[in-house]
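Colleague: I have a model open and a few things to ask about it. Can we go through them one by one?

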Amino acid sequence: MSDWSVTDHKFMSRAVQIAWQGLYTTAPNPRVGCVLVKDGEQIAEGYHRKAGEGHAEVNALRSAAERAKGCTAYVTLEPCSHFGKTPPCADGLINAGVSEVVVGMVDPNPQVSGKGVRKLEQAGIKVRTGLMEAQCRELNPGFIKRMVTGMPFVRLKMAASLDGRTAMASGESKWITGPMARQDVQRLRARSSAIVSGVGSVIKDDSALTVRESELGLENATEVVARQPLRVILDSSGRMPEQAKMLRLPGETLIVSCVDAPAFIADIEQAEWLKLPGQHGGINLQELLKALALRDCNEVLIETGATLAGAFIEEGLVDELVLYQAMKLLGSRARPMFLLPLDNMSEQINFTLRDSRALGDDLRLTLIPRQEKH
């Protein structure tokens, strides 16, 4: 639709803006914002704050109360039409007497897509769709991909020197980047449903893979860390240490392997063992991501070494690469970012730069794979 007014854009922009306030707390639900407008003036707004609580439309309508009758609702995602943990938002809009609904994007779930719009229209409410759809889609890359493909959105995070090295030959890597970059990584973790790493980091560092409240720098940090991402450890040969601290930390740990679980796993309530053997003695990464989607994981963060990072890229499973680049050199004996068996220029894997920004002395590059083949 091309006849959107400046006013339409103004109120949908506000709906998008407030939807981002649910960045860390809505999973597995989508981030949604809603603005109610009457006689050209905003009368109420609401966003989906936390999974299991009221959706954006419900919160906005509660704020507006009787004033909602005859208003226009701007909502970033098609109002739901089915009963989940909360009643359908479409019904709430109908019962409140809303006269028009402007929708940023229709629900990406093919089983429900368009049903909310139809329910509103059948109730005599005017519905317009597609306003600022690109911005609305950016709110929920993982939810959209999971609904459409049955796979989560995969974000691969790497920290490296100017010469593309992630650690010294000994494995020493603290700290390549500075505190601002490390805080940004904590926020990537916080928005993710799962963090995937290899068992090597558990054996070497006894890593926790948790979101740390003190490092987030957020006003609602306590609420954010209450929902720890699922820790996913790839352990093809069953080397997971029984005393690993992550097995007893808040949140859950999923160990994915090619072999059967050791006996001690049965005694750890928050740990689960999943057997997913692939080719050449490795784990089937495609099946891993499908399994995570079935666990309602929208966004998955890969934090790992060169071998596993290279495998995810080689299999075309990475949707976004976030590279933190430190302004230093580690030298030719240091460890590379990726192990990729490429021999010819025709095999190169190209990325498109989406965003670059300075974080203290470091540079964060956000890249997506190019679709064309060479």
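Colleague: Is P28 buried, partly exposed or exposed?
Modeller: Keep in mind that this is a predicted model. P28 counts as partly exposed, because its relative accessibility is 27%, and buried would need under 20%.

Colleague: Where is P28 found?
Modeller: P28 is in the loop between α1 (6-19) and β1 (33-38).

Colleague: How many residues apart in sequence are P28 and D296?
Modeller: 268 residues, while their C-alpha atoms are 5.8 Å apart in space.

Colleague: What does the domain assignment give?
Modeller: It gives domain 1 (6-139) and domain 2 (143-369). The C-alpha centres of the two lie 34 Å apart. Their contact takes 19 residues from domain 1 and 18 residues from domain 2.

Colleague: Which residues of helix α6 are buried?
Modeller: In α6 (residues 141-149) the buried ones are P141, G142, F143, I144, R146 and M147. Just after α6, G150 has a positive phi of about 75 degrees.

Colleague: Switching to annotations. What does UniProt list for "active site"?
Modeller: The UniProt record, an unreviewed entry, lists E57. E57 is found in helix α2 (residues 56-64).

Colleague: Buried or exposed, that E57?
Modeller: E57 counts as buried, because its relative accessibility is 3%. Not counting residues up to four places away in sequence, E57 touches C34, V75, L77, P79, C89 and L93.

Colleague: Which residues does UniProt list for "binding site"?
Modeller: S173, R189, L209, R212 and E303, according to the unreviewed UniProt entry.

Colleague: Take E303. Where is its place?
Modeller: E303 belongs to strand β12 (residues 299-303). E303 is buried, with a relative accessible area of 10%.

Colleague: What is E303 in contact with, leaving aside neighbours within four places?
Modeller: E303 is in contact with K157, V185, R189, I195, V196 and S197. With R189 there is a polar contact of 2.7 Å between the side chains.

Colleague: And R212, where is that found?
Modeller: R212 is in the loop between α8 (199-205) and α9 (213-216). With a relative accessible area of 31%, R212 is partly exposed. Beyond residues up to four places away in sequence, R212 touches Q186, R189 and V225. So R189 is a contact of R212 and also of E303, because both lists were made with contact meaning heavy atoms within 4.5 Å.

Colleague: On to the sheet with β12 in it. What is the order of the strands?
Modeller: The order is β11-β10-β9-β8-β12-β6-β13-β16-β15, an open sheet of 9 strands with mixed pairing. β11 (271-275) and β15 (351-359) stand at the edges; each has a single partner strand, so one side of each has no neighbour in the sheet. From one strand to the next the twist averages 20 degrees.

Colleague: How many bridges join β15 to β16?
Modeller: 8 bridges, with β15 and β16 (residues 362-369) running antiparallel. T352, for instance, has I368 in β16 as its bridge partner.

Colleague: Which helix packs on the sheet, touching β6?
Modeller: Helix α11 (residues 285-294) does, and besides β6 (153-160) it touches β8 (194-198), β9 (230-234), β10 (253-257), β11 and β12. The direction of α11 makes about 165 degrees with that of β9.

Colleague: How many residues of β10 are buried?
Modeller: 5 of its 5. T253, I255 and S257 point one way from β10, while L254 and V256 point the other way.

Colleague: In what sense do β9 and β10 pair?
Modeller: In the parallel sense, over 4 bridges, and I233 stands opposite I255 in β10. On to β11, 5 bridges join β10 to that strand, and the two run parallel. V256 stands opposite L274 in β11.

Technical notes. Residues are numbered from 1 along each chain as its sequence is written. This is a predicted model: local features need pLDDT of at least 70, side-chain atom pairs count only at pLDDT 80 or more; totals for chains, interfaces and linings use all residues. Side-chain values use heavy atoms; hydrogens and water are left out. UniProt positions are given in the numbering used here, feature names are shortened, and annotations may be inferred rather than shown by experiment. Buried means under 20% relative accessible area, exposed over 50%, partly exposed in between (1.4 Å probe, protein chains only). A polar contact is a pair of N or O atoms within 3.5 Å; within protein, one must be able to donate a hydrogen and the other to accept it, and residues adjacent in sequence count only if both atoms are side-chain atoms. Two strands pair if DSSP finds at least two bridges between them. Axes are lines fitted to C-alpha atoms, for helices over the stretch in contact, and angles run from 0 to 180 degrees between N-to-C directions. Domain bounds come from an automatic or database domain assignment.
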